[in-house]
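Hi everyone, and thanks for coming along.

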Amino acid sequence: MNDRADFLMFFLKHQEDLRAFIGSLVRDGNSADDVLQDVALTAWERFDDFDRARSFGAWARGIAVNKIMRRREQNARFPAPFSPEAITAILDAFNHTEENAASASTGDLEPCIERLPEKSRQLLALRYGEALDVPQVAERLSSTTEAVYKALVRVRRLVRDCIESRRAAEGRA
Amino acid sequence: MSEPTRHEELSDRYFADLLGDEETAELERLLTSGPEAARAFAAAAREERQWQGHFRRLRDAAVVDELVRTATSPDSTSADNSVALPAAAHVRHRPSGGARRFAAAALLLVTCGAGLVWVATRPAASRPSYEIVSGTISIGGVAAGAIPDGVEFEVTGLTPAVIRLADGSRAELAPVSRAVLRRDLDSPRQAIVLARGSGRFQVEKQQREFRVETPVGNVTALGTEFTVEVRPAEPPSPRPVEIDGPAGIDGLAGALIAAPTQLLVAVLAGEVAVAYGDETYSLGLGDDRVYAVPQTMPVDKPDVVGKVVAVVEDDQSAAITITVESTKSAATKATRQTFRLFDDTRLAWVNVPVDRQRPSLGYTAAIWRDRAAKGSALAVRFEVAKNAGPPPQITGRVIQVSSDGRTITLEPPHHVKTHPRPTRTVVLDPATAVSYFFVPLEGEQPAVGYQATVWLAPGSNDRASRIHLSGDKRGDYRPNLVGRVTALSPDTHLLELATKEKLPAGKLHAMQNRRRILIEPDTKIIYEGLAKGREPVGLEATVWLREGSLEKAGGIRFSVPAE
């Protein structure tokens, strides 16, 4: 396998988790995408330096942290609200729980969403399908932000419990 | 179900973008106080991403909306007219029942069989499908052996996918490109809707119309070959597509693009027309252009509208501070407010020439405050009034020019019906500011036939302080290109220009283009206010091309750029 294919394999495998990491630190979708793209380029350019005995995810997250810190330094309004200490804590947490990312599968979501009442599915579709923020969902449903937020938390918890029980039943927990 | 801990609650609110400053500080303290909170935060982040990813895949499959729409149509419950589908390993059958029930269930159907139900609602017999000559195509995450008409697909392999269209035209799409092939039943028009990525298209000559539709603009071709790429507005450098070789690094770049905002078109043979905004641009052999989507402005009313009275640029913070003066009514006193503009402040320009699109004194600024950062602007729309300044006193056609060129006689516009038609004599002195528009290469001097617009000097009834002289807008006098000279070949026969072309008002970005211009022995060259034979790199060049040529210059005028 040549370097490029190798890199592609690593990157595609870790891309979603890297998105999760960057998205947790950068609270604007476009800015987060910019950082991800930047990380991909740097990772590709420095792929020769990557020690294959290490985790590619941890390596790429390290690059991402540097990119985010740098952007914060250059632009005080860059939408990364956490201090360097908090970012480091989150980085450590991601690095120590990388196996959770590997075991997470969106395939588990579907059967659990199927069990939800229609209203709950509609709520999820508005929040994530149409990418509306919570106040916008509230407006769409003629409800309050707090009510929508609480309903979303409740629905997500239901789905989480459903996924866990399915995994337990299948011996994957 | 156990009650959430405080850090879980704060994490949930954080990902819902509902945390205030105090709660953010509290979450920070918890994150840094021990691994438990940070790990819970990481779990919440991954879950958030999982939700986003799941619904993005549904959305990308372009099914949800269609399902909801078709669910309300009378024949939406008929599933008997499905077309043959590629390797649809996870096809599920829709439950029968009311439209509402179907619409809800449909959201769940699409994960594995994206596009399946969508296709099922169309008449099967008259819809073409398209042959995949090489490469790997997926529909809704399932590998496909052919591409049904109207169904979104993605190039999933590491190499480009070559697709043969019904008339023999070919489309070669780069990895990770996402598109829909569509042929209207009542017209021979073939459309490729390119949502992401890039492609090279070879169009058969008998094809009546072949169009590539992108989020930025549409490219229409006839018997030609061209490439189209959709990419973000400010790609980082170096771009991965510059890497040679067969493996899909360029595809990877495509995978990372979330919001395509630029359209790149290059014509390899023949001609294409690019529809962008309200305008259509013709591109010929060798042309390559970039079209960019203007930044969207807020839809609500601006917070402040006023005239820019001060502009301060701060190199260190890369911010620009503008002060605007506004009055609520004639009776109230003007107020001044200052706003900072950063590189992510959204800007729009109305009636401002491309080369003057920077915050400037005198512009009218409509400002939307950034609620999250006091004193900062979220968005600013700059405008130059269409009729800025006092109106001209005299307009008319030049019917006579004195031998020294200092006195011109004008006849009034044709709508002035008096007899005899009153003529006006206008004197141009050294202080008169004279501007020429649409005049020949060496035509920058008063001449019979030009249209004149005259502003008189204060207190004078014949001496011009400013005059605009205009040739025939439809004539051949208009230069074909204006741009900055970026290179000159050692033999001085070849010039490279970076051109910018003005876009309709409100479009933020100029089309930028590199043009190669051939200088021939008889090309007429004028150095405006410059020493003859001066090194042209860096100068502005106004180019008149030879008829029928895209490269050969009949004349070039070099001048010092405005900036």
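Let me start with one word that I'll need: two residues are in contact if they have heavy atoms within 4.5 Å. Also, please keep in mind that what you see is a predicted model.

With that word in hand, let's look at chain B. Take the contacts in chain B between residues at least 6 apart in sequence: 54% of them join residues at least 24 apart. For chain A, residues 24 or more positions apart account for 64% of the contacts with a separation of 6 or more.

Now, what are the two chains built from? Chain A has nine helices and zero strands, and reading along its sequence gives you the pattern α-α-α-α-α-α-α-α-α. Chain B has seven helices and 32 strands.

How about burial? Chain A has 173 residues, and 53% of them count as buried. Chain B has 563 residues, with 45% counted as buried. As for surface, the accessible area of chain A is about 8300 Å², and 47% of that belongs to carbon and sulfur atoms. In chain B the accessible surface comes to about 28800 Å², with 50% belonging to carbon and sulfur atoms.

Is α1 of chain A enclosed or open? Of its 23 residues, 17 are buried, so the helix is largely enclosed by the rest of the structure.

Next, the aromatic residues. Over all chains, the count comes to 22 aromatic pairs. One of them is A:F47 with A:F50, a stacked pair with 5.9 Å from centre to centre and 20 degrees between the planes. Are these two buried or exposed? The cut-off for buried is under 20% relative accessible area. A:F47 has 1% relative accessibility, so it counts as buried, and A:F50, at 5%, counts as buried too. Both belong to one aromatic cluster, made up of A:F7, A:F10, A:F11, A:W44, A:F47, A:F50, A:F56 and A:W59.

In chain A, A:R127 lies over the face of A:Y128, at 5.3 Å from the ring centre. Chain B has an example as well: B:R466 lies over the face of B:W455, and here the distance from the ring centre is 3.8 Å.

Before we leave chain A, find A:I163 in helix α9. This residue is buried, with a relative accessible area of 11%. Which residues does A:I163 touch, if we leave aside its neighbours within four places in sequence? The answer is A:D108, A:L109 and A:C112.

Over to the strands of chain B. Strand β7, residues 170–173, runs antiparallel to β9 and is joined to it by four bridges. Within that pairing, B:E172 has B:R200 as its bridge partner. Strand β8, residues 178–183, is also antiparallel to β9, with six bridges between them, and there B:V180 is partnered with B:V193. What about strand β10, residues 210–213: parallel or antiparallel to β9? These two run parallel, joined by four bridges, and the bridge partner of B:A191 in β10 is B:R211. A handy thing to remember when you look at strands is that, in a regular one, the side chains alternate between the two faces of the sheet.

I'll finish with two backbone details. A:S142 has a phi near 50 degrees, a positive value in a residue other than glycine. You'll find A:S142 in the loop between α8 and α9 of chain A, and at 70% relative accessible area this serine is exposed. In chain B, B:D17 also has a positive phi, near 60 degrees, and again the residue is not glycine. B:D17 sits in the loop between α1 and α2 of chain B, where it is partly exposed, with a relative accessible area of 47%.

That's my tour, and I'm happy to take questions.

Note on methods: Residues numbered from 1 in each chain as written. Chains lettered and ligands numbered in written order. Predicted model: local features only at pLDDT ≥ 70, side-chain atom pairs only at ≥ 80, totals over all residues. Heavy atoms only, no water. Pairing = 2+ DSSP bridges. Buried < 20%, exposed > 50% of the residue type's maximum accessible area, 1.4 Å probe, protein only. Phe/Tyr/Trp six-rings, centres within 6.5 Å; stacked < 30°, edge-to-face > 60°. Lys NZ or Arg CZ within 6 Å of the ring centre and 35° of its normal. Areas by Shrake-Rupley, 256 points an atom, 1.4 Å probe, with all protein chains shown as cover.
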